[in-house]
Structures are given as structure tokens and as C-alpha cells.
Amino acid sequence: MKVELTVNGESRLTEVEPRKSLLDCLRDNFNLNGAHAGCEHGVCGACTVLVDGQPVRSCLMFAVQADGYAITTIEGLTPAPGELSVIQDAFCETHGMQCGYCTPAMVLTAHALLQRNAAPTREEIVESISGNICRCTGYGQIVEAIALAADRLSRANAPQGGAVR
Ligand code: FES
Ligand code: FES
């Protein structure tokens, strides 16, 4: 079947079998490998992408279901090629990643949180990532990274406003 997806702001036309997951479509058809395959049955959250701004497990969504929605992958969060977003930078600074397998999903989940809540409490940060498993168990540093990013973005955005990057 032909599907037209909006991925990271670009309209992309491709052909998929109806049973193909959005995760496999992003990786195989568009070479966007930042969405990781972990459990592939909705448990680990490693495959998280944003669908109209909301974190979604892309292993549980068929590519054909994504037709007409705006998909954001980790590749779409960087301000420019080779640069890091504020959230990614905070993950680096606080050692919010170890093997990095869960990291794209964690960063996208954090991005969605900070878009809707610019000043989350520690409890709200913990709750927001509660659907994402980090097999390296680096949760403390991940929470710290998100808190640091929230602080930096609130300072950066206070006078000018603007999108979270
Ligand atoms: S790979 Fe999708 S939830 Fe684990
Ligand atoms: S950093 Fe290894 S799974 Fe989270």
C-alpha cells in the first residue's frame, strides 16, 4: 500500500505491506534508525516516536495508521546537522545515557513533557518516563538531565519564547 507520512516536517511517500509497523517503516524505508527495536511488543518504550507531539510506541502502530499524522523521530529534534538540542546536551552533561539504547526514546519523551509542562517537578519527570525502560538502569541521571534541560530552556525561553529545541 502507498502511504504518505509527514516525518520530521517532510512529506514522505512510500510503499509498505499493511502489516508493517511504523517502527520498521521508519527504519527500513526512511533509514531513520534512531527509533530502536527492543521488545517489539509495547513494553520497553525503546521505539518511542512522537505522533502529533505525543509519545507513541512505534512498534505497536502500523505505518498505514500513521498516514496524515506528523511523526517526529530523534533525527528531527536537532537544531542543525551535527548539533545537539538542549535536551540532548543535558543528557550528555549529566551522563543521562550509558549504552544509549533507550536514549532517543527518553529524549523524545522528555521533549514531549517539556512542550506541555515547562517546569515539571521531579515526580512529574519520573512519571513521564515511567513507560520507558533503561536496561542500564540510569534513571537517576536521566531524571537529572531532564530537570537540567527544563531549567535551561526556561531561562532561554523566558524573554523570547519560541519552540523547545
Ligand atoms: S520496541 Fe516498542 S515498546 Fe519495546
Ligand atoms: S542507557 Fe542503556 S538502556 Fe538506557
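Guide: Cys44 counts as buried because it has 22 C-beta neighbours inside 10 Å. A residue is called buried if 20 or more other C-beta atoms lie within 10 Å of its own, exposed if 12 or fewer, and partly exposed in between, with C-beta atoms placed from the backbone. The model is predicted: local features need pLDDT of at least 70 and side-chain atom pairs count only at pLDDT 80 or more, while totals for chains, interfaces and linings use all residues. Residues are numbered from 1 along each chain as its sequence is written, and chains are lettered from A and ligands numbered from 1 in the order in which they are written.

Cys44 sits in the loop between helix 1 and strand 3. Helices (H or I, at least four residues) and strands (E, at least two) are DSSP runs, numbered from the N terminus. Leaving out residues up to four places away in sequence, Cys44 touches Gly38, Cys39 and Ile133. Touching, or contact, requires C-beta atoms, placed from the backbone, within 7 Å. Gly131 is 87 residues from Cys44 in sequence, yet their C-alpha atoms are 7.1 Å apart in space.

Helix 1 covers residues 22-29, and its buried residues are Leu22, Leu23, Asp24, Cys25 and Leu26. Strand 2 (10-15) and strand 3 are among the elements that cover them. Just after helix 1, Asn31 has a positive phi of about 60 degrees.

Strands pair if DSSP finds at least two bridges between them. Strand 1 (residues 2-7) and strand 5 (residues 70-72) are parallel, with 2 bridges, whereas strand 1 and strand 2 are antiparallel, with 6 bridges. Strand 1 has Val3, Leu5 and Val7 on its covered face and Lys2, Glu4 and Thr6 on its uncovered face. In a regular strand the side chains alternate between the two faces of the sheet.

Next, the domains. The chain divides into domain 1 (2-74) and domain 2 (86-158), with bounds from an automatic or database domain assignment. In domain 1, 15 residues are in contact with 12 residues of domain 2. Strand 3 gives the largest share of the side of domain 1 that touches domain 2, 3 residues.

Last, the nonpolar core, a set of buried Ala, Val, Leu, Ile, Met, Phe, Trp, Tyr and Cys residues joined through C-beta atoms within 7 Å. The largest has 46 residues, of which Val107, Ala110, Ile146 and Ala149 touch the most other members. Helix 1, strand 3 and helix 3 are among the elements that each supply at least two residues of this core. Both domain 1 and domain 2 give residues to this core, so it lies between them.

Terms used: Two residues are in contact if their C-beta atoms, placed from the backbone, lie within 7 Å.
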